[in-house]
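Work through these exercises with the structure in view. Try each task before you read its solution.

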Amino acid sequence: MFSTTKARTRLTGVLAGAAVLALAACSSGGDGGGDTAGGEGGGGGGDLITVGFSQVGAESGWRAANTKSIQDTLTEENGFDLKFSDAQQKQENQIQAIRSYIAQGVDVIAFSPVVESGWDSVLEEAKQAGIPVVLTDRAVDSEDETLYESFIGSDFVLEGEMAGEWVSENLATEPINVVELQGTTGAAPAIDRKKGFEDATADNPNVTIIDSQTGNFTRSEGKTVMEGFLQAHDDIDLVYAHNDDMGLGAIEAIEAAGLVPGEDIKIVTVDAVKDGMQALADGKINFIVECNPLLGPDLAEVIKKVVAGEEVEKRIVVEDQSFTQEQAIEALPTREY
Ligand code: AHR
């Protein structure tokens with residue numbers, strides 16, 4: 001029987017460099033100026049830990065839930081002075097924000113990298129300044145693991161595999177044509193969810209991916225790309241969207257074309273945020289693999305340990321579940337995000 005729940009795992013990792021930690025613990029911060037700041041600002045908020053957080057953007061319901069979790073957890077009451085900036089899905093904005101946090105002398109920098117590559121220089125600058133870095137949600141592809149203390153986030157390859165396994169077992173008992181809505185080009189979840197799905201369906205000759213393009217994780221681009229798919233192909237059986245928002249955009253395009261989403265064209269997505277779960281419960285999506293956005297509590301715990309010079313896990317893998325239509329109906333009333 002198809003397994004719908006994956007257990008949370010924590011992989012024990014490497015201890016952060018003691019010298020960096022000691023410096024970080026002593027860091028007094030700079031003169032403020034973050035996009036949003038709590039506490040006394042300026043990195044000198046009494047006993048508060050000053051954290052500079054660079055968020056990817058506001059591209060999806062998942063991202064909104066993730067931002068809320070971080071802002072609700074890294075509060076003054078919990079001992080933090082949070083400086084938060086939104087990079088609007090641009091790597092150059094994140095690099096600029098990180099450099100600004102270095103200049104301000106924050107105690108810790110945390111960020112969710114828009115794309116996987118191109119981080120070594122700025123992370124080296126943070127290291128030289130003695131400011132520890134924690135990655136959340138998305139990974140960097142740097143070979144130098146001393147550039148960050150810990151990476152907290154889901155296993156995106158596993159998410160893609162879970163989607164592919166469900167498709168293979170439940171839909172691809174006969175030949176199906178799949179179109180894929182990829183996430184942001186170069187982003188870890190786009191690369192990994194593609195790979196996971198392809199790996200899980202590789203042995204099933206009934207699965208053919210006939211088209212694959214990026215919808216940049218947004219509902220509007222998901223809709224536009226799906227409109228193009230519908231014009232180019234009259235034989236689409238399944239949309240595999242790397243997030244709910246692109247799947248929801250695809251639903252709009254499918255309905256506008258006079259077809260019934262979830263029936264004429266099946267849809268499988270990743271995230272399981274409220275709007276996606278509602279569409280699943282309504283029968284417009286067929287299956288969703290969760291990506292848990294509630295990373296604030298783990299981030300707070302890791303930061304406190306890093307500043308205290310304690311050992312932290314190099315990789316913290318966050319729990320993900322999956323949902324069928326029936327399970328979505330059951331889960332929706334108590335769904336947190
Ligand atoms: O990195 C996580 C992904 O980013 C989410 O799945 C997607 O919705 C978001 O934009």
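Helices and strands here are DSSP runs, numbered from the N terminus; a helix needs at least four residues and a strand at least two. The model is predicted.

**Exercise 1. Find where Asp-271 and Ala-272 sit, and decide whether each is buried or exposed.**

Solution. 
- Step 1: Start with the general rule. Most residues other than glycine have a negative phi.
- Step 2: Check Asp-271. Its phi is positive, about 135 degrees, although it is not a glycine.
- Step 3: Apply the cut-off. Buried means under 20% relative accessible area. Asp-271 has 3% relative accessibility, so it counts as buried.
- Step 4: Turn to Ala-272. This residue is not a glycine either, and its phi is positive at about 65 degrees.

**Exercise 2. Describe helix α3: its span, its buried residues and what covers them.**

Solution. 
- Step 1: Take the span. Helix α3 covers residues 91–104, which is 14 residues. From first C-alpha to last it reaches 20 Å, close to the 20 Å expected at 1.5 Å a residue.
- Step 2: List the buried residues. They are Gln-94, Ile-95, Ala-97, Ile-98, Tyr-101, Ile-102 and Gln-104.
- Step 3: Recall helix geometry. An α-helix has 3.6 residues a turn, so residues three or four places apart point the same way.
- Step 4: Find the cover. It includes β2 (49–55), β3 (80–86), β4 (108–111) and α4 (120–128).
- Step 5: Look just past the helix. Gly-105 takes a positive phi of about 70 degrees there.

**Exercise 3. Work out how α7 and α8 cross, and which residues meet.**

Solution. 
- Step 1: Read the geometry. The axes of α7 (residues 219–232) and α8 (residues 244–256) come within 7 Å and cross at roughly 45 degrees.
- Step 2: Name the arrangement. That angle makes α7 oblique to α8. The crossing is right-handed.
- Step 3: Find the partners. From α7 come Arg-219, Gly-222, Lys-223, Met-226, Glu-227 and Leu-230. On the α8 side, they meet residues including Asp-245, Met-246, Leu-248 and Ile-254.
- Step 4: Sort by class. The contact of α7 with α8 has seven nonpolar, two polar and five charged residues.

**Exercise 4. State how α5 and α6 cross.**

Solution. 
- Step 1: Helix α5 (residues 156–170) and helix α6 (residues 188–201) have axes that come within 6 Å. They cross at roughly 35 degrees.
- Step 2: This crossing of α5 and α6 is right-handed.
- Step 3: By class, their contact has eight nonpolar, five polar and five charged residues.

Definitions and conventions:
Residues are numbered from 1 along each chain as its sequence is written. This is a predicted model: local features need pLDDT of at least 70, side-chain atom pairs count only at pLDDT 80 or more; totals for chains, interfaces and linings use all residues. Side-chain values use heavy atoms; hydrogens and water are left out. Axes are lines fitted to C-alpha atoms, for helices over the stretch in contact, and angles run from 0 to 180 degrees between N-to-C directions. Angles under 35 degrees count as roughly parallel, over 145 as roughly antiparallel, 65 to 115 as roughly perpendicular and the rest as oblique. A crossing is left-handed if the near helix is turned anticlockwise from the far one by less than a right angle, and right-handed if clockwise. Contact means heavy atoms within 4.5 Å. Ala, Val, Leu, Ile, Met, Phe, Trp, Tyr, Cys and Pro count as nonpolar, Asp, Glu, Lys and Arg as charged, and the others, Gly among them, as polar. The expected span of a helix is 1.5 Å times one less than its number of residues. Buried means under 20% relative accessible area, exposed over 50%, partly exposed in between (1.4 Å probe, protein chains only).
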